[in-house]
Each structure stands twice: as C-alpha cells, then as structure tokens.
Amino acid sequence: MRIALFCSLLAALPSRAQIPAPPAWVQDAVFYQVFPERFRNGDPTNDPTHASLDFPENVPADAWRVSPWTGDWYARADWERALGPDFYDHGVFLRRYGGDLQGVLDQLGYLDSLGVTALYFNPVFYAPSLHKYDAASYHHIDPYFGPDPEGDLAQMARETSDPATWRWTSADSLFLRLLREAHARGMRVVLDGVFNHSGMRFFAFEDLRRNQQRSPYRDWYVVTRWDDPATTESEFDWQGWWGYKPLPVFADNADTTDLAAGPKDYVFAITRRWMDPDGNGDPADGIDGWRLDVANEVPPGFWADWNALVRRLNPEAYTVAEVWDDAAAFLAAGGFHATKNYHGFAIPTYEFAVKGRLPASGFAQQLAERFGTYAPETARALLNLTDSHDTDRLASMLVNRGRPANYDRENGPRGAADYDVGAPGPRERDLQRLIVTLQMAMPGAPMLYYGDEAGMWGADDPDDRKPMVWPDLVYEPERGHPRGQARRADPVAFDHDLFAFHQAAIRLRGQLPSLRRGTFEVLAADAAAQTLAFARRVSGEEVVVMLNRSDEEQRIALPRRRGSPLVPIFASRGDLSQIPSIVITFHESGEVTYTHPIPPRTAVVFRQMTDRDVRPNGLNE
C-alpha cells in the first residue's frame with residue numbers, strides 16, 4: 001500500500017477530540033503490569049488464611065492450604081479434588097500463593113534491570129479475592145499484602161467512611177515505603193481504580209445488608225428489593241456487575257450523569273489519600289496515576305470531576321481508562337489522558353502478527369487510522385499492550401494461532417477443548433520477539449504483562465495468572481492438563497535469553513528519541529509477503545522498522561525517501577551482522593532494484609547511515 005493512501009486516510013478522519021495533554025513522562029515510559037498475588041511471596045508469615053478467602057464456605061478449613069509456588073499449575077491439591085473433578089469449577093479460584101508487597105520490594109532491582117520505568121498494579125486494596133476487583137475497602141491496602149494482617153484487620157474494624165477515622169495500617173505503610181523506593185529508582189507507580197462496583201464485604205454494603213433502609217449507605221447501591229421484616233427469609237436484592245451478585249454496583253445520581261453523592265465523596269477522599277498521603281499539598285509521596293477499570297460503565301460526569309481533582313492534586317499524574325473499543329470521545333468527555341490501547345494496537349497486532357488473518361496492508365491501514373484518531377501527544381501516551389490478566393498470554397496466543405478464535409474470546413480450555421496449553425516452541429518465540437519489537441517501536445507507552453519476559457505462557461483467566469517464574473527457584477515441569485487430555489511434559493524455568501532480548505529491546509527504545517516521540521509513517525506493506533515497514537522521525541533522527549511475519553526471507557522495497565542509506569542496528573532474532581543494509585540487483589532488462597532482505601519471522605530496526613559507517617580508506621581499509 002502506498003504512502004499516499006495513508007495520508008488520505010488520515011485526512012478523512014473526523015476532527016480530533018479535545019483530550020487533555022498527558023504528562024510528558026508517559027511518552028518515555030515502559031510499563032510493567034504487576035499482579036500482586038502471583039508476583040512474589042516475599043513474606044510467608046502474612047500468607048492468606050482460609051478465613052480470608054472470598055468463598056471460604058466452599059472448602060473445609062482443615063483441608064485448605066496455600067498452594068506451592070513452584071508446583072505444576074495443573075496438579076490439583078487434595079482439597080481441590082475433594083471439591084469435585086473439574087479443574088476450573090472446583091478449586092483453582094480458591095487457590096492462594098501468597099504474593100505480597102514485600103515480594104515486589106525485593107524485586108525492584110529485577111524490574112530496574114529489565115529497564116521498566118513505570119509499574120501498573122492490579123488492585124492492591126483490601127479485598128478477599130485473588131484478583132482484588134471485589135474491594136472491601138479502598139482506603140486500605142489488603143492486609144495480606146502487608147506484615148501484620150490480624151492487627152490491620154482489627155484496626156480497620158474501628159473505622160467508618162469518615163476519613164477522620166482512617167489510620168495507616170502496617171500494609172499501608174509498607175506500600176508507602178514501596179512508593180518511596182520505586183521513586184528513588186526513577187519508577188512511577190500507577191494503581192488500579194475500580195469505581196463502578198465493590199465487593200460484598202465492602203463496609204458500606206455490609207452495613208446496607210444489615211440495616212436496610214436505616215443504613216446511612218442506603219443510596220450507595222442499586223437496590224432492587226428491600227427485605228420484608230415480616231418474613232423469615234431475606235428478600236433483599238441488588239444489581240450486580242453484569243448480573244454477578246458478588247460485585248454490587250454503585251448507584252448513579254438521579255439523572256445518571258454522575259455517581260451518587262455517597263460513593264463519589266468516598267472515591268474523592270481515597271483519591272486524595274493515595275495521591276498526597278501526608279496531606280501537605282506536595283504529591284511527591286503519592287502515586288503517579290490511575291488505571292480505571294470498566295471506566296465506560298461509570299458516568300462521564302463523574303470522571304470529568306474526578307480527573308479535575310487528580311490534576312489539582314498532581315498535574316503530572318496520568319489517568320488511563322480501560323476501554324476496549326474506539327475511546328477518543330469517551331476520553332474527551334471524561335477528561336482522561338489515554339486508554340489501554342486494545343483497539344489501536346493489541347487487537348490489530350493479534351489479527352496480523354499472531355493469527356495472520358489481517359493482511360499487512362490492512363494492518364498498516366488500521367494502525368494509521370486508529371493512532372491518527374488522536375493528537376500526537378495523546379497517541380504517544382496510549383498504553384500499548386499485547387496481553388494482560390484478561391487475556392491468554394502472548395506466548396499461548398502464538399501456540400494457538402491456528403485456532404479460529406478472536407482476541408479474548410474462547411481462548412482457554414475452560415471453554416474450548418482444542419486449546420493447546422503447552423509451552424511455545426522456537427517459531428512461537430520468534431514471533432513473540434517480533435511483536436515485542438513492534439511494541440517498543442510504536443507510538444505510545446509499551447506495557448509488559450508480568451512474566452512474559454521470563455518465558456511464561458498460559459491460557460485465558462485463570463491460566464494467565466500463574467505464579468511468576470523466577471531464576472532463583474526450581475519449578476516442577478508442567479505435566480497436567482485441566483481436561484485430563486494427554487500432553488507432553490513442559491519444563492518450567494526462567495528464560496534468560498528471552499529476558500536479555502527484552503532488556504535489549506527496552507534499551508533500544510530508550511536510546512532513540514524517535515521511537516518515543518517521533519512521527520509515524522507507513523512506508524510499505526505487502527499482503528502476500530506478510531511484510532510491513534514504517535518510519536519514526538523526530539528532530540532529524542529517522543528510524544525505519546521492517547517486519548517479516550512469513551516463514552521465508554522477504555525483500556522489502558521502500559519508496560524513494562530523503563536522507564542517507566539505512567544501517568541495521570537491531571534484529572529480533574539471528575545475527576545482526578548477517579543482515580545487509582541493502583541489496584542492489586541489476587536486472588537483464590537494465591532495471592536496478594534496491595531492497596532490504598529481512599529474515600523470516602524477524603523485525604529489523606534501521607537507522608540512517610552516518611560518517612562513522614563509511615570506511616575512510618574505501619575498500620583498501
């Protein structure tokens with residue numbers, strides 16, 4: 001596809017919405033997603049207990065145990081088998097592995113060595129589930145992430161929704177220490193805010209269930225039926241998130257333009273608490289931003305007011321909404337800086353680079369259109385991810401690339417019997433490195449899902465939430481299958497080569513301003529060859545990225561471009577020294593062609609040739 005077509009496509013797009021300019025630091029950031037319960041168990045003395053489970057009544061207290069970190073993921077404990085035969089229905093969601101904040105603190109050096117500069121935490125607030133999207137409180141860190149769970153719980157029981165009653169627990173204090181140590185390393189910290197619903201153990205909902213219409217929280221939730229005290233049974237009912245009762249939904253105001261006053265005031269109070277912990281007006285001791293769960297299910301009027309508060313507290317704070325489709329209008333209405341870029345990056349990349357269903361020309365068109373929807377400063381702040389806690393892992397997407405599934409649909413053995421749970425092979429790793437190179441070379445801030453850099457694989461939830469694979473631990477091979485099918489035994493170990501590749505790719509992005517701040521222009525796209533080439537340019541620096549998804553070497557011919565010849569400086573696989581800058585072919589017809597040979601399943605990054613690339617003595621040197 002020719003460059004002129006892309007220019008015309010961009011020109012035809014509607015005028016860009018007025019989205020607030022993001023903080024400058026975001027365009028230079030590389031994010032890392034931490035799923036706290038599965039990242040690292042740094043303090044076994046605070047491990048979850050049977051009573052702390054979200055549904056403790058479903059498993060006998062005397063049988064339940066914390067699961068072994070290094071065990072075979074599909075091996076079932078005795079207490080799981082006693083619950084029933086199904087891996088997914090009988091036990092796996094009641095497992096706990098003991099990941100905590102101390103584990104993150106202990107591994108800040110690891111994250112620093114990888115090159116990440118911003119940490120996004122899945123929810124860390126008090127909640128009984130393993131994922132913490134069912135909050136029991138937003139003004140406290142989960143006690144089982146801190147050093148004194150019992151003491152913290154006792155203190156929390158004496159508090160109300162009034163911020164004057166709130167004190168700092170030991171888990172809170174440990175989190176504030178984590179903030180200080182991350183900041184000292186130059187790392188930003190972004191927390192997950194879930195302001196659409198709470199869990200059933202949330203203090204306001206518990207009071208509401210107990211006191212009904214007499215509760216001071218009677219207007220906080222969508223109650224569909226009150227209990228009739230004249231009967232022996234409780235008729236109390238409420239709206240659950242997508243019908244799921246354990247996640248009661250916060251109420252909107254009367255005209256549905258905002259959250260109800262009670263939950264809104266509370267969310268504003270906890271926002272101040274975590275963004276300026278000592279309340280002195282200096283946000284340096286607070287978090288650096290928020291990722292907002294199911295943001296488009298909360299009225300934009302609330303978000304506009306909330307984002308204004310965030311910017312008053314810290315003008316450098318970053319807010320990113322979880323929206324899976326075109327988000328431009330929503331970001332503008334709510335005052336967000338960016339979205340998790342499923343629509344503009346993750347899904348098109350899945351269709352082209354993983355599935356091979358979207359031709360390179362269509363992929364190039366989608367990239368140009370969807371990034372072009374945003375002003376350049378917004379595009380540079382979009383959160384570019386490939387996978388997350390909501391999808392199967394990138395490596396497993398590639399193992400299953402031949403299946404007729406869509407992104408985040410039927411991508412696990414829980415709903416698809418033909419899903420392959422096995423480890424990736426060399427071909428899948430080649431494509432994984434190609435995709436990561438693309439991620440690091442695109443406009444927007446790349447975000448890695450914990451463990452992808454270590455070689456982890458896994459199907460959709462819950463198999464994408466295995467305990468992190470660490471180089472200092474010895475793991476059992478993965479032999480089991482959740483549906484009892486035969487499979488090979490796959491060794492589980494930290495992949496040092498893949499980690500080193502991620503280090504190099506992140507370092508490349510940090511070294512080249514054009515990859516972080518440059519313009520984006522598609523130069524060539526060939527559907528038959530499965531190749532793509534694009535340029536990133538800023539302040540006289542040009543970098544050209546060429547991708548070959550196919551299994552054969554492909555030669556990419558670029559249109560006439562200004563500037564000096566190109567020199568390869570990074571390859572996602574193989575020996576960089578074996579990749580020529582250009583091949584000049586003289587045809588019998590007299591035609592001369594200039595092409596760039598790209599090895600199979602490889603991404604190559606080129607820079608402009610400089611004087612240091614030219615041998616001063618010619619061929620005699």
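How many cavities of 30 Å³ or more are there? The count comes to four, where a cavity is a set of points on a 1 Å grid over the protein atoms alone at which a 1.4 Å probe fits but cannot get out.

## Ground rules

Keep in mind that this is a predicted model, so to speak: local features need pLDDT of at least 70, side-chain atom pairs count only at pLDDT 80 or more, and totals for chains, interfaces and linings use all residues. Residues are numbered from 1 along each chain as its sequence is written, and side-chain values use heavy atoms, with hydrogens and water left out.

## Cavities

The largest cavity has a volume of about 170 Å³, a volume being the space filled by probe spheres set on the grid points, which are joined across faces, edges and corners. Its lining (residues with an atom within 4 Å of a point) runs to 15 residues, with Lys466, Pro467, Val469, Glu478 and Val492 closest to the centre. By class that lining has nine nonpolar, two polar and four charged residues; Ala, Val, Leu, Ile, Met, Phe, Trp, Tyr, Cys and Pro count as nonpolar, Asp, Glu, Lys and Arg as charged, and the others, Gly among them, as polar.

Next comes the second largest cavity, at about 60 Å³. Its lining includes Asp325, Asp326, Lys340 and Arg370, and splits into three nonpolar, five polar and four charged residues.

## The largest pocket

A pocket is an open set of points with protein on both sides within 12 Å along at least five of seven lines. The largest one has a volume of about 1,800 Å³. It's lined by 49 residues, and His131, Trp241, Leu247, Asp461 and Arg465 lie nearest its centre. The lining divides into 17 nonpolar, twelve polar and 20 charged residues.

Strand 7 gives the largest share of that lining, three residues. Helices (H or I, at least four residues) and strands (E, at least two) are DSSP runs numbered from the N terminus.

## Nonpolar cores

A nonpolar core joins buried Ala, Val, Leu, Ile, Met, Phe, Trp, Tyr and Cys residues through side-chain atoms within 4.5 Å. The largest has 161 residues, and Phe175 and Trp290 are among those with the most contacts inside it. Apart from it lies another core, of 14 residues, including Val544 and Phe606.

## Thr437

Thr437 sits in helix 15 (residues 426-441). Thr437 counts as buried because its relative accessibility is 3%, and buried means under 20% relative accessible area (1.4 Å probe, protein chains only). Leaving out residues up to four places away in sequence, Thr437 touches Phe501, Phe570, Ser572, Ala603 and Val605, contact meaning heavy atoms within 4.5 Å.

Terms used:
Buried means under 20% relative accessible area, exposed over 50%, partly exposed in between (1.4 Å probe, protein chains only).
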